[in-house]
Amino acid sequence: IDYFNNQIIVDLVEQQHKGIISILDEACLSVGKVTDTVCLDSMDTKLAQHPHYTSRKHSPTDKTMDFQKHFRIRHYAGDVTTWQQPDEASWLAVTRHGFAF
């Protein structure tokens, strides 16, 4: 059985100075009001070339995502689309298998 090496996804999320968590941490340390749009713009800029990251900005014809609201991680088990719930502190992720927090 061939298994997908998930390290590229782990790095996309956790890699120091480059991963999604680091990008969100950096955005939270910036001066001024940090919004979902600020965070997504930062990820869109820094992760634009990553083969497992996309957003509506990078896939403008993908109507399953909204501009400045969703991003998607192409995961070995399927695509994971995330968005920020209004007035919530956590990102929600929807996969074809259900929700994750």
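These legends describe close-up views of a predicted model.

**View 1. The largest nonpolar core of the predicted model.** This core has 13 residues. Within the core, the residues with the most contacts are L12, I20, M43, L47, Y53, F71 and I73. Two or more residues come from each of the elements α1 (7-14), α2 (20-28), α3 (36-46) and β2 (70-75). The most is given by α2, which supplies four residues. In soluble globular proteins, nonpolar side chains tend to be buried together.

**View 2. Surroundings of I20.** I20 is among the residues with the most contacts inside the largest nonpolar core. Leaving aside residues up to four places away in sequence, I20 touches L12, V13, M43, L47, F71 and I73. Of these partners, L12, M43, L47, F71 and I73 are also listed among the core residues with the most contacts.

**View 3. H17 in the loop between α1 and α2.** H17 sits in the loop that joins these two helices. The phi angle of H17 is positive, at about 70 degrees, although H17 is not a glycine. H17 counts as exposed because its relative accessibility is 70%, and the cut-off for exposed is over 50%.

**View 4. Q68 in the loop between β1 and β2.** Q68 lies in the loop between β1 (53-55) and β2. Q68 is not a glycine, yet has a positive phi of about 55 degrees. With a relative accessibility of 52%, Q68 is therefore classed as exposed, as the limit is over 50%.

Key: Residues are numbered from 1 along each chain as its sequence is written. This is a predicted model: local features need pLDDT of at least 70, side-chain atom pairs count only at pLDDT 80 or more; totals for chains, interfaces and linings use all residues. Side-chain values use heavy atoms; hydrogens and water are left out. A nonpolar core is a set of buried Ala, Val, Leu, Ile, Met, Phe, Trp, Tyr and Cys residues joined through side-chain atoms within 4.5 Å. Buried means under 20% relative accessible area, exposed over 50%, partly exposed in between (1.4 Å probe, protein chains only). Contact means heavy atoms within 4.5 Å.
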